[in-house]
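Take a moment with the fold below before reading on.

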Amino acid sequence: MSVLFTLENHVARVVIDRPERMNAVDRATSDELETIWRKIEADPTVRCVVLTGSGERAFSAGADLKDSNGLSGLEYWASANPLGFGGIALRRSLKVPVVARVNGLALGGGMEMVLGCDIVIASDTARFGLPEAKVGNLPLAGGMTLLQRLVPRNIAVGLMMTGRMASAAEMERYGLVNAVVPQDELDAEVERWIADILASAPLCVQAIKATVRETGEMPPDQAQAVRSPELIAALTSEDSLEGVRAFREKRAPVWQGK
């Protein structure tokens with residue numbers, strides 16, 4: 001097993017566990033990740049996911065080049081997972097928020113996985129980059145299409161054309177990273193974000209994720225008119241009534257997720 005998976009108190013934790021390979025993803029690890037994403041999608045008790053890598057050196061260094069099986073760039077592109085690197089970069093079927101706990105290098109496919117997450121918490125030692133052009137490759141599994149949508153265009157193009165690495169502080173300034181903390185405070189910061197997510201109505205959180213992801217490229221008037229199943233479920237839920245009751249009674253709401 002190269003991916004660790006736990007589920008406790010509504011929080012699924014997914015850890016790429018190949019520290020000796022900088023948590024690079026080979027074919028077997030990719031298959032394990034896909035199995036885990038499907039398991040999470042099928043479990044209605046999951047309200048939040050944390051994705052990270054083992055150790056302190058790397059979140060993930062991306063694709064394990066020793067596992068390329070001699071594929072050309074064109075062959076790799078043709079066989080790439082349509083859901084993006086690690087099955088998460090371009091995934092639309094995962095309804096709950098995914099928090100990237102970036103504990104070190106997030107390079108290539110590792111950065112593409114970060115781009116597929118909803119909230120990014122990084123240690124001040126983290127570094128981000130899409131260096132594929134330096135080895136004659138391209139960020140084909142989500143990087144070229146996602147990065148330009150999440151940071152200013154010239155920043156995205158500059159990083160990809162030069163293969164440069166950016167610090168966590170830089171990526172926070174560009175808007176990709178939500179918070180940067182010292183390495184020894186990373187877990188505490190992640191837990192604070194998890195606590196805030198769990199304090200919110202789960203169906204509302206899902207509706208926000210669905211709306212943001214589905215309408216990001218639409219004009220505002222068209223986006224406003226979208227009535228997604230997640231939006232309707234949140235507005236007609238028992239939790240929507242519980243939230244008002246709790247506010248009036250000056251107590252914390254008890255969410256049922258229905």
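The largest nonpolar core has 44 residues. Ile 40, Val 102 and Phe 128 have the most contacts inside this core. A nonpolar core is a set of buried Ala, Val, Leu, Ile, Met, Phe, Trp, Tyr and Cys residues joined through side-chain atoms within 4.5 Å. Buried means under 20% relative accessible area, exposed means over 50%, and partly exposed lies in between (1.4 Å probe, protein chains only). Which residues is Ile 40 in contact with, leaving aside its neighbours within four places in sequence? They are Phe 5, Ala 12, Val 14, Val 46, Val 49, Leu 94 and Val 96. Contact here means heavy atoms within 4.5 Å. Another core lies apart from the largest one. This other core has twelve residues, among them Val 50, Val 181, Val 190 and Ile 197.

A word on where these values come from. This is a predicted model, in which local features need pLDDT of at least 70 and side-chain atom pairs count only at pLDDT 80 or more, while totals for chains, interfaces and linings use all residues. Residues are numbered from 1 along each chain as its sequence is written, and side-chain values use heavy atoms, with hydrogens and water left out.

Now step back to the whole chain. There are eleven helices and ten strands. Both are DSSP runs numbered from the N terminus: helices are H or I with at least four residues, strands are E with at least two. The radius of gyration is 19 Å, close to the 18 Å that the globule rule gives for 258 residues, so the chain is as compact as a globular protein of that length. This radius is taken over C-alpha atoms, and the rule is 2.2 Å times the number of residues to the power 0.38. Along the principal axes, the C-alpha atoms fill a box of roughly 60 × 40 × 35 Å. Of the 258 residues, 45% are buried. Among contacts with a separation of 6 or more, 67% join residues 24 or more positions apart.

Next, the sheets. Six strands form an open sheet in the order β1-β2-β3-β5-β7-β10, with mixed pairing. Two strands pair if DSSP finds at least two bridges between them.

Strand β1 (residues 3–8) runs antiparallel to β2 (residues 11–16), and six bridges join them. Thr 6 stands opposite Arg 13 in β2. The hairpin of these strands has two residues between them, and there Asn 9 takes a positive phi near 55°. On to β3: β2 and β3 pair in the parallel sense, again over six bridges. Arg 13 stands opposite Val 50 in β3. Both faces of β3 are covered. Cys 48, Val 50 and Thr 52 are buried on one side, and Val 49, Leu 51 and Gly 53 on the other.

Helix α7 (residues 186–198) lies across β2, β3, β5, β7 and β10. This helix runs at about 160° to β7. Axes are lines fitted to C-alpha atoms, for helices over the stretch in contact, and angles run from 0 to 180 degrees between N-to-C directions.

A second open sheet has four strands in the order β4-β6-β8-β9, also with mixed pairing. Its edge strands are β4 and β9, and each pairs on one side only. Strands β6 (residues 105–107) and β8 (residues 127–129) pair in the parallel sense over three bridges. The bridge partner of Leu 107 is Gly 129 in β8. Ser 167 lies in β9. Is Ser 167 buried or exposed? At 18% relative accessibility, Ser 167 counts as buried.

Finally, look at a helix pair. Helix α4 (residues 143–150) and helix α5 (residues 153–162) pack at about 145°, with their axes 7 Å apart. Gly 143, Met 144, Leu 147 and Gln 148 in α4 meet Ala 156, Leu 159 and Met 160 in α5.
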